[in-house]
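User: I would like to go through the charged side chains of this protein. Can we take them step by step?

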Amino acid sequence: MDEPQTPESDATTYNNFYEMGTGKGDPARNAHLLRSEPWSVTVEGEVARPGVIPLEDFLRPHPLEERIYRLRCVEAWSMVIPWVGIPLGDVIRRLEPTSKAKYVAFETLLDPEQLPGQKRRVLDWPYREGLRMDEAMNPLTLLAVGMYGRTLPGQNGAPLRLVVPWKYGFKSIKSIVRIRLQEEEPATSWNLSAPREYGFYANVNPEVSHPRWSQARERRIGDWSKRPTLPFNGYAEQVAGLYAGMDLRRNF
Ligand code: MTE
C-alpha cells in the first residue's frame, strides 16, 4: 500500500479497548495488567478438532506474514498499520469445520483483575464478535500477533486479535481466548448494546450513516483535514462479491 503508515506511537497510545477503560489513553496505561503469556485458545462447536490449544500450537505451522492494512473506526478516524499474523482461514481449515459451521464466534478474555474495565458494565462482557464463514475464510482476514515488526502490545490486543480490514474497527476483537464455529449468527457485544447503531455486518459504508453521525468522511490519524471514506474501506474489489444480492442498508 502506498499510503504512509500511522506512527507507531499513535497506534499504541490512541486505542479502543473498553476492558482497559473507555478513554483513548486508558488502554496504554492499563496494558501492564494483562498477562498475555502463557495463553491458550478454546476451540469449540462445529469442528472435528475442538480443545484448549496453547497459542504456539494454535499458530504453528503457519508462517507469519506482514500485512499493511487500513483500520477504519466507526468513530470516523482511521489508521494504516503494518500487522503481523496469519490468515484466519488457514487456522480454521486445520480445525476441520463440519458442514454445519456457518459462522465463527470470538470472545475476549474475561478477567476483571487483568481487564479492570470489566468491573463496570459498559458492555456485556466478555467482548464478543463474529463473522460469517466466508468472511472468516477470506484471505484478507488476519489473526494478528504483532504490529510494526514486534509482538502486539497489550493495548492493541495481545497476544492474539482479529483484523478485518473492510469492516469497522469494532469487528477486530482483541485478546481472543475462545473461537466457536456454529450454525447460527453469533451475538456480538456492540449489537447487543445498541442494535440500531451497530449491526452484525459492520462493513465500512460511506452511504450508511451511524444514527448519530455521518460515515462519509474520515480523519486519518495525523492528518489535519478529512478524506472521503471508501466503500469496504478500499477493499471492495476483494470483498464486495461476498455480499452480492444483499441489501447493505438493511444489513449494516
Ligand atoms: N476488542 C475488545 N476486546 N474490546 C474493545 O473495546 N474495541 C474495538 C476493536 N477491538 C475493542 C476491541 C474497536 S471499537 C476498535 S476501533 C479497534 O479494536 C481498535 O484497535 P486498535 O486500538 O488496535 O487501533
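Predicted model: local features only at pLDDT ≥ 70, side-chain atom pairs only at ≥ 80, totals over all residues.

User: How far apart are the closest N and O atoms of aspartate 90 and arginine 93?

Analyst: Side chains of opposite charge can pair when their charged atoms come close. A salt bridge needs the nitrogen within 4 Å of the carboxyl oxygen. Aspartate 90 and arginine 93 form such a bridge, and their closest N and O atoms are apart by 3.1 Å.

User: Is arginine 93 buried or exposed?

Analyst: Exposed means over 50% relative accessible area. Aspartate 90 has 26%, so aspartate 90 is partly exposed. Arginine 93 has a relative accessibility of 51%, so arginine 93 counts as exposed.

User: Which strand holds the glutamate 44 that meets arginine 178?

Analyst: The side chains of arginine 178 and glutamate 44 meet in a salt bridge, 3.0 Å from N to O. This pair links distant parts of the chain, 134 residues apart. Arginine 178 lies in strand E10 (residues 176–182), and glutamate 44 lies in strand E1.

User: Why does arginine 178 count as partly exposed?

Analyst: Buried means under 20% and exposed means over 50%, with partly exposed in between. Glutamate 44 falls in between, at 21%. Arginine 178 is partly exposed because its relative accessible area is 28%.

User: How many residues apart are glutamate 107 and arginine 178?

Analyst: The side chains of glutamate 107 and arginine 178 meet in a salt bridge of 3.4 Å, N to O. Glutamate 107 sits in strand E5 (residues 103–108), and arginine 178 in strand E10. The pair links distant parts of the chain, and the separation is 71 residues.

User: Which residue joins glutamate 65 in a polar contact of 2.9 Å?

Analyst: Glutamate 65 is in strand E3 (residues 65–72). Leaving aside neighbours within four places in sequence, glutamate 65 is in contact with Trp83, Val84, Gly85 and Pro87. The polar contact joins its side chain to that of arginine 67.

User: How many salt bridges does the count come to?

Analyst: Some salt bridges are linked in a network, with Glu3, Arg70, Arg72, Glu218 and Arg220 as members. The rule asks for a Lys or Arg nitrogen within 4 Å of an Asp or Glu carboxyl oxygen. By this rule, the count of salt bridges comes to 21.

Conventions. Residues numbered from 1 in each chain as written. Heavy atoms only, no water. Helix = DSSP H or I, 4+ residues; strand = E, 2+ residues; numbered from the N terminus. Buried < 20%, exposed > 50% of the residue type's maximum accessible area, 1.4 Å probe, protein only. Contact = heavy atoms within 4.5 Å. Polar contact = N/O pair within 3.5 Å; in protein donor to acceptor, adjacent residues only side chain to side chain.
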